[in-house]
Amino acid sequence: MQHDLTPTEMFDPYFLQTVVQQATELLNVDGCGFYFWDPAQRQATLVAQNNLPDIPWDQKLPYRVITSQKTIVETHPHRPVSLAVPAVWHDDARGVLVVTDKAPGRVFCDKDVKTLQSLADLLASVSRQTQRLARMTAQFRALHVIDIALTSSLQLDRVLDLILEKAVELVGAEHGSLRQFNPKTGELVLKTHHGAGWTREALAYTPRAGEGIVHWVTEHRRPYLSSDVRKDPRNVVLFEDMRSSVAVPLLNTQGKEPDADEFLGVLLLESSRLAAFDQQDVELLDALAQEAVIAIQNATQHQKLQSMHRKLKAEQEKRLAVEKWAFMGQAATSLAHRINNLIGIVPASAKEVHQALSKTDLPKDDRDWIEENLNRIERNARFILKLSDALFRPFKETGPLVCFDVNMLLNKALESADLPPTLQVIRSYGKELPKVESSPLLVDIFLELITNAKKAMEDQSRSELRIRSRCESVETERWIVVEISDTGRGIPSTQMEHLWDMFQQSKDGLGFGLWWLHTFIERQGGKISCTSRPKQGATFTIRLPGIGDQES
Amino acid sequence: MRGKILIVEDYADWRDLLSGMLRREGHDVAVASTLQEAREYIQKTKDLDLAILDIRLVETDETNEDGMRLLFQIHEQKSATRVIMITGHGTMEIQRKAFRKFKTFDFFRKEQFDSEEFRKGVQEAVEESVRERR
């Protein structure tokens with residue numbers, strides 16, 4: 001409830017002028033005036049007058065009329081007689097209407113008093129209507145502003161902030177909060193708040209079930225209105241000086257059975273004044289609560305769509321990746337088969353020549369020359385076979401996918417790695433990790449990383465192998481993250497850029513190692529990354545998609 | 001001991017190398033390059049000691065199972081005949097299946113082909129087969 005309208009907002013000046021003229025004529029007096037009463041300042045101000053060159057009555061007269069709310073006739077032996085009546089609407093004083101007459105012996109009869117009182121009542125009634133209109137206009141404006149925000153913004157927090165701001169403004173509250181109901185936890189989560197004194201404690205406060213006014217509203221799903229909350233034992237005091245309280249539920253009633261309302265939250269407003277809110281405020285807050293419901297629904301819908309879109313996109317990417325890998329797998333198998341057939345025969349044939357040669361009589365020079373060339377042919381053919389094997393390794397069909405407990409695989413890899421006793425292994429495994437679905441070769445990946453780490457620490461004074469596993473949730477997806485860190489030489493920054501490329505020649509390999517790891521992990525739908533600083537070791541991080549529930 | 005051996009291999013060079021090797025050892029060697037040829041030969045030959053099969057007979061055989069099926073057929077029809085599998089692109093899984101399900105006698109990979117081991121394997125298979133037939 002608010003009264004802070006100025007005299008000109010409350011009363012049209014022409015209307016006031018007409019009333020004071022009417023009073024002068026109807027009561028047949030010399031002059032008339034109307035005082036506007038400002039309840040906040042407790043002050044009466046003359047805002048309209050007819051034929052009053054000076055004020056003949058006592059200056060305190062309007063104040064006395066307002067405080068007594070009674071008609072007062074003021075007579076003095078040598079001064080004009082005055083009649084003052086209060087303009088009151090349901091105990092709410094709006095002003096004082098005064099008439100005066102200097103005719104000697106003038107007396108105001110009952111009829112005069114009634115006439116003047118009816119004019120004063122008319123003024124009060126008009127002021128009441130004006131005030132209601134002003135209030136409704138402000139409400140419409142606020143709803144309009146919120147509607148614009150609703151249709152132009154999908155940012156839930158922004159819209160809820162605005163709704164609370166307007167609610168506070170319209171009902172003249174000092175404190176306000178909007179809480180959203182979380183159906184999973186049953187908690188009323190603070191979404192937005194208004195007013196001073198929201199300490200960290202107050203912000204962190206989440207009402208427990210059955211506690212406070214917000215829970216009363218949650219349970220009963222109807223508005224709460226109290227003119228003095230101190231008398232309500234259900235009240236939980238967050239702000240000491242609050243007296244009045246009004247709260248409405250956020251109910252989604254659209255297209256549903258009346259008893260199947262979806263409860264979304266509570267809008268609560270408080271004031272330090274007693275009886276600061278009325279039924280009209282409840283109605284207004286109900287309308288605002290509906291706006292909040294729409295905002296929450298819009299945002300939920302939007303989030304659902306977004307998450308659906310992301311899910312579809314991820315699924316599509318996954319499907320494409322599977323197709324890509326299947327295609328590459330077929331091509332690789334075919335090619336490997338062909339190379340093995342074509343080149344595999346070379347060492348076998350060379351061996352036959354060696355054998356046949358051993359049974360043949362030849363000059364030593366010629367024999368040496370033939371054998372030297374045969375060896376060359378054999379050696380190079382074997383190298384091509386090795387290359388082909390390394391190249392096709394990540395594409396090889398390794399049979400059906402298997403569900404693995406990553407921690408178990410890490411332990412298995414550690415066992416196979418044959419680590420020296422001087423190397424300290426620190427394991428910190430996440431508990432009850434979801435399983436991963438992968439090719440059985442995954443254990444080889446871990447083994448390769450552990451072996452690489454071992455090699456990197458061979459000439460180091462401190463050798464510490466740290467293996468961590470954990471689960472990370474990104475929206476609905478769960479990722480198993482494995483980190484393998486060493487305290488070895490580290491990788492020079494110049495090498496980091498091309499770390500995963502083919503032919504990054506290691507000391508004793510073909511240069512396929514990390515390329516293979518990278519390609520293999522990608523094939524499992526995972527990711528591998530590396531951080532390293534020279535002389536400070538390296539950390540390889542593998543992320544693999546986790547499957548199902550933790551129990552599965 | 002000399003045996004009667006069938007080599008089923010679609011790659012002519014491998015067919016020639018293996019048959020050449022075994023003929024030089026004194027075996028009686030027949031060759032087939034397709035499944036059909038192999039079946040026909042097996043049907044009409046009673047005392048076959050050993051069949052050497054390439055698992056993947058046809059380049060486009062994605063299931064890798066043509067040779068496997070033939071292996072199974074031989075095992076069903078001619079219990080005395082031994083089978084040695086060879087492959088150009090063998091996974092552990094195929095290898096295990098050949099041994100466990102189809103009871104192959106030996107298994108060789110072309111990319112790591114060891115002719116001495118092969119000769120030994122052939123010799124043992126022939127000896128077993130002959131022994132069983134007596």
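A nonpolar core is a set of buried Ala, Val, Leu, Ile, Met, Phe, Trp, Tyr and Cys residues joined through C-beta atoms within 7 Å. Buried means that 20 or more other C-beta atoms, placed from the backbone, lie within 10 Å of the residue's own. The model is predicted: local features need pLDDT of at least 70, side-chain atom pairs count only at pLDDT 80 or more, and totals for chains, interfaces and linings use all residues. Residues are numbered from 1 along each chain as its sequence is written, with chains lettered from A and ligands numbered from 1 in the order in which they are written.

**View 1. The largest nonpolar core.** This core has 38 residues. Ile163(A), Ala167(A), Val171(A), Ala247(A), Leu267(A), Leu285(A) and Ala292(A) touch the most other members. At least two residues each come from several elements of chain A, including helix H4 (110-152), strand S9 (244-252) and strand S10 (262-271). Helices (H or I, at least four residues) and strands (E, at least two) are DSSP runs, numbered from the N terminus. The biggest share, nine residues, comes from H5(A).

**View 2. Surroundings of Ala247(A).** Contact means C-beta atoms, placed from the backbone, within 7 Å. Neighbours within four places in sequence are left aside. Ala247(A) then contacts Ile213(A), Val214(A), Val217(A), Pro223(A), Tyr224(A), Val266(A), Leu267(A) and Leu268(A).

**View 3. Helices H8 and H9 of chain A.** Helix H8 (residues 279-358) and helix H9 (residues 364-392) have axes that come within 9 Å and cross at roughly 160°. Axes are lines fitted to C-alpha atoms, for helices over the stretch in contact; angles run from 0 to 180 degrees between N-to-C directions. H8(A) is therefore roughly antiparallel to H9(A) (the term covers angles over 145 degrees). The contact residues divide into 17 nonpolar, four polar and four charged. Here Ala, Val, Leu, Ile, Met, Phe, Trp, Tyr, Cys and Pro count as nonpolar, Asp, Glu, Lys and Arg as charged, and the others, Gly among them, as polar.

**View 4. Chain A overall.** Chain A has 13 helices and 17 strands. Of its 552 residues, 31% count as buried. Among its contacts with a separation of 6 or more, 65% are between residues 24 or more positions apart.

**View 5. Chain B.** Of the 134 residues of chain B, 41% count as buried. For contacts between residues at least 6 apart in sequence, 61% join residues at least 24 apart.

Methods
Angles under 35 degrees count as roughly parallel, over 145 as roughly antiparallel, 65 to 115 as roughly perpendicular and the rest as oblique. A residue is buried if 20 or more other C-beta atoms lie within 10 Å of its own, exposed if 12 or fewer, and partly exposed in between; C-beta atoms are placed from the backbone. Two residues are in contact if their C-beta atoms, placed from the backbone, lie within 7 Å.
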